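Here's a quick briefing to read alongside the structure. Have a look at the model first, then work through the topics below.

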Amino acid sequence: MLSPIQVLCSDITTLSLEPEPFASYTEADIISTVEFNHTGELLATGDKGGRVVIFQREPESKSEPFSQGEYNVYSTFQSHEPEFDYLKSLEIEEKINKIRWLPQQNAAQFLLSTNDKTIKLWKVSERDKRPEGYNLKDEEGRIKDISTVTSLQVPVLMPMDLMVEVSPRRVFANAHTYHVNSISVNSDYMTYMSADDLRINLWHLDITDRSFNIVDIKPVNMEDLTEVITAAEFHPHHCNLFVYSSSKGTLRLCDMREAALCDKHSKLFEEPEDPSARSFFSEIISSVSDVKFSHSGRYLLTRDYLTAKVWDLNMESKPLETYQVHDYLRSKLCSLYENDCIFDKFECAWNGSDSVIMTGAYNNFFRMFDRNTKRDVTLEASRESSKPRAVLKPRRVCAAGGKRRKDDISVDSLDFTKKILHTAWHPNENIIAIAATNNLYIFQDKLNSEMH
Amino acid sequence: MIMKGQKRKHPPEDVEVSDPSSPTWESQRQFVFSVSLNKYQRGQELPEPSLRRSVLIANTLRQVSREARRVPSVDVEVPPPLCSSSSELQESTLTGVAPAKPPSAVMFSNSHSALVSCPVVSLNNLSNCDTSRSPATCHLSALNVPLSVKDEDEDWGSMSTDSDFSLSAAISSILTALDSTIDGSPQAAPRTPLRSLENLSGPSDGGVAWGKQAVRGNGGSWEQQEEWRVPESSVEVMRSSFLSELTVEDLFQDIDTSLLERDMGVLGLRGSGGGYQAGDDLLRYLQPFSSSFPPSNPFSVSLNQNLKCLPSFSSFCPLSSSSSSLPAFSSPNLVREGLELEHLMEILVES
């Protein structure tokens, strides 16, 4: 995908209503999660205001070849509302932390969306036909005068304008004391797990009043707490395996067959600390912000503050590959700690064939690493550089004071308020979705549409 | 993010300054420490702090404190790690509060109780009070509720404010250092220089570790009652020793102790007798330090040298009235430490 580096921007879709480039946005418009469904036909985004917007890919049509693959808004709904916890006098944010699609089993689509405390299952269904020709009601629904009915007819289904209906089917509430950071649907398509800072619960999709606690790392005395859970995911094929990451940079693979409570891990993935690279911030930058199984199920991709690592499930001692995402920040850790940027949680993504990994960075940059060729590229998601059909230009960050080529950007000029935390890759094709604050960018590699 | 009265500095860059002997390391360590402390306190003030963030900041604070102790330039013997110092304190509370110990024992239990109430409460709030009925949480939430156990409980509960806690923490740490030196063991860590601030960093740190340790030592039954009992016995012993009263009062003569008064009152520490020479001597040493301190030195949290001057009290205890045995100190260090103490107090009082 990366060579030649030609990523075509096929569409820019913004969630804010004003299309002007410099329209101000409200905080509620900040996108907080992005997720393709299992076929890639639908793309869901969640924002800080609790809304979910689903995009659908336009089917290819011969008449308009250039509209192939464009994503347009399919449905918008309010998933979560702000709540108030009366017991603790705390407000519960409506921000959508994660969305996960269920594999499609019938005509409707299902997705799970979660805020800090409550997970909801939504059914997304289409209605494009409606019955017409009732005997007792007229077209507007008014009851007919029986005396006017002279013959009986069978109502027929007539096509109508497509209507997308979204309805909440399940609400999984009151199971988390701490903030939910991950949800993951199991490969058995019947259960899913939700993880907060200290616990992981296993749910059945049909049962909302009960969940099993499968991981609990809460110490007896909270004063002893030194580690929290940062992300969790089920294995894509083995319904008994899941992995969770911690703020200390460790990954634990657990097998639910071993015990009801999976506090004891089956495998512990941890890279020994490099003593020469030790600093005051070693622990903070080692905190894993995202973990993703590869599609094959053989590898794990993790993201910590400065690197992305690929782990082999069979090797616990160290990662298979380590990719420096923005090592130029290593000398800036002090400032980044002061302005809190060091706590940013970046997500990471695999491509469909597990050959390329992608993750976001600052200044609206995102990075892609080809695992086979070892080549990498830095691209920018911004309005200026992303006119429709434009080719994205690779960017380069140079160290302050270093030799600077044209178009390079110096480390000191990076905008740390523009961070790309959420990215998603189409499951089969070279299409990526990048969330930059309140804007969603969708890029497509037109030349190399197929994965290789 | 900037401490009051402190000039804003460009944060020291660290190009992998992992070498403690490098000159920038210390300044960076101090910077990180102060920033972490600020962040942690600010985080605690939020209605719902992020647990991950708080844990990371607390761990960083702990690490920075540990590093400070490791550094040879700061003149400290390798101090015992946090838990052992906690157990040391626990011992001091439990092993019959000997006459020589009262000041620290009392203050320990004073601050210890306050610490137990405050930091644990705050961390529990942080953790969004579990609905599960674990003893720790029971204990904590009980603190916020008027207790029928003792009248004092309500006092403690209401005093569980950050400022009280901070002050008590600082005080207790200084006095426990005093205590440990009074113990007579030469290696009894001049209490680690950052002890007081570790306690500040609070719930996840030394302060409540003490509570936990002491509680365990007390037999682990309904923890509440055990803790409250400790101050009582200490008060008894304390009252019989004028040394302690004077020590405490004089030590903090130049520090706003209005918040302390309540604590003191409860423990009967008020109304100390005439100026005990030991206390006066200490003050004479402390005061000049603060005024003559050159402004160019960065805020340093190593109170070690300060604590080292406290051992002078051990030579006075319990019956000695001579003030002549105060050891000679190297003044630059003490000067610095003196200002550090003052800065520390400033920050704590404000917060």
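**Two chains at a glance**

Chain A exposes about 20,300 Å², with carbon and sulfur atoms supplying 52% of it (accessible areas come from the Shrake-Rupley method with a 1.4 Å probe, and for residues only the protein chains shown count as cover). Bear in mind that this is a predicted model, in which local features need pLDDT of at least 70, side-chain atom pairs count only at pLDDT 80 or more, and totals for chains, interfaces and linings use all residues. Residues are numbered from 1 along each chain as its sequence is written, chains are lettered from A and ligands numbered from 1 in the order in which they are written, and side-chain values use heavy atoms, with hydrogens and water left out.

**Chain make-up**

- Chain A has two helices and 32 strands; helices (H or I, at least four residues) and strands (E, at least two) are DSSP runs, numbered from the N terminus.
- Chain B comes to 16 helices and zero strands.
- Of the 452 residues in chain A, 55% are buried, where buried means under 20% relative accessible area, exposed means over 50%, and partly exposed is in between (1.4 Å probe, protein chains only).
- In chain B, buried residues make up 61% of 351.
- For chain B, the accessible surface is about 13,000 Å², and 55% of that belongs to carbon and sulfur atoms.
- Take the contacts in chain A with a separation of 6 or more: residues 24 or more positions apart account for 54% of them (contact means heavy atoms within 4.5 Å).
- In chain B, 79% of the contacts between residues at least 6 apart in sequence join residues at least 24 apart.

**Sheet β2 to β5 in chain A**

- Four strands make an open sheet in the order β2-β3-β4-β5 (chain A), and the pairing is antiparallel; two strands pair if DSSP finds at least two bridges between them.
- β2 (31-36) and β5 (71-78) of chain A sit at the edges with a single partner strand each, so one side of each has no neighbour in the sheet.
- From one strand to the next, the twist averages 20° (axes are lines fitted to C-alpha atoms, for helices over the stretch in contact, and angles run from 0 to 180 degrees between N-to-C directions).
- Strand β4 (residues 51-57) of chain A runs antiparallel to β5(A), and seven bridges join the two.
- Arg57(A) has Tyr71(A) as its bridge partner in β5(A).

**Sheet β12 to β15 in chain A**

- Here the order is β12-β13-β14-β15 (chain A), again an open sheet of four strands with antiparallel pairing.
- The edges are β12 (182-185) and β15 (207-216) of chain A, each with a single partner strand, so each has one side without a neighbour in the sheet.
- Neighbouring strands of this sheet are turned by 25° against each other on average, direction ignored.
- Four bridges link β12(A) with strand β13 (residues 191-195) of chain A, and the two run antiparallel.
- One of the bridge pairs is Ser182(A) with Ala195(A) in β13(A).

**Two lysines in chain A**

- Lys98(A) is in strand β8 (residues 98-101) of chain A and is buried, at a relative accessible area of 11%.
- A polar atom of the Lys98(A) side chain lies 3.4 Å from the backbone oxygen of Asn181(A).
- Beyond its neighbours within four places in sequence, Lys98(A) touches residues including Thr33(A), Asn181(A), Ser182(A) and Glu347(A).
- Lys406(A) is in the loop between β28 (397-398) and β29 (409-410) of chain A and is exposed, with a relative accessible area of 73%.

**Phe280(A) and chain B**

- Phe280(A) is found in the loop between β19 (267-269) and α1 (282-286) of chain A, and at 2% relative accessibility it counts as buried.
- Leaving aside neighbours within four places in sequence, Phe280(A) is in contact with chain B residues, among them Trp25(B), Arg29(B), Val32(B) and Glu67(B).
- Phe280(A) and Cys334(A) are 54 residues apart in sequence and 8.9 Å apart in space, C-alpha to C-alpha.

**Positive phi values**

- Most residues other than glycine have a negative phi.
- Asn174(A) has a positive phi, near 60°; Asn174(A) lies in the loop between β11 (156-172) and β12 of chain A and is exposed, with a relative accessible area of 79%.
- Thr437(A) also has a positive phi, near 55°; Thr437(A) is in the loop between β31 (431-436) and β32 (439-444) of chain A and is buried, at 18% relative accessible area.

How values were computed
A polar contact is a pair of N or O atoms within 3.5 Å; within protein, one must be able to donate a hydrogen and the other to accept it, and residues adjacent in sequence count only if both atoms are side-chain atoms.
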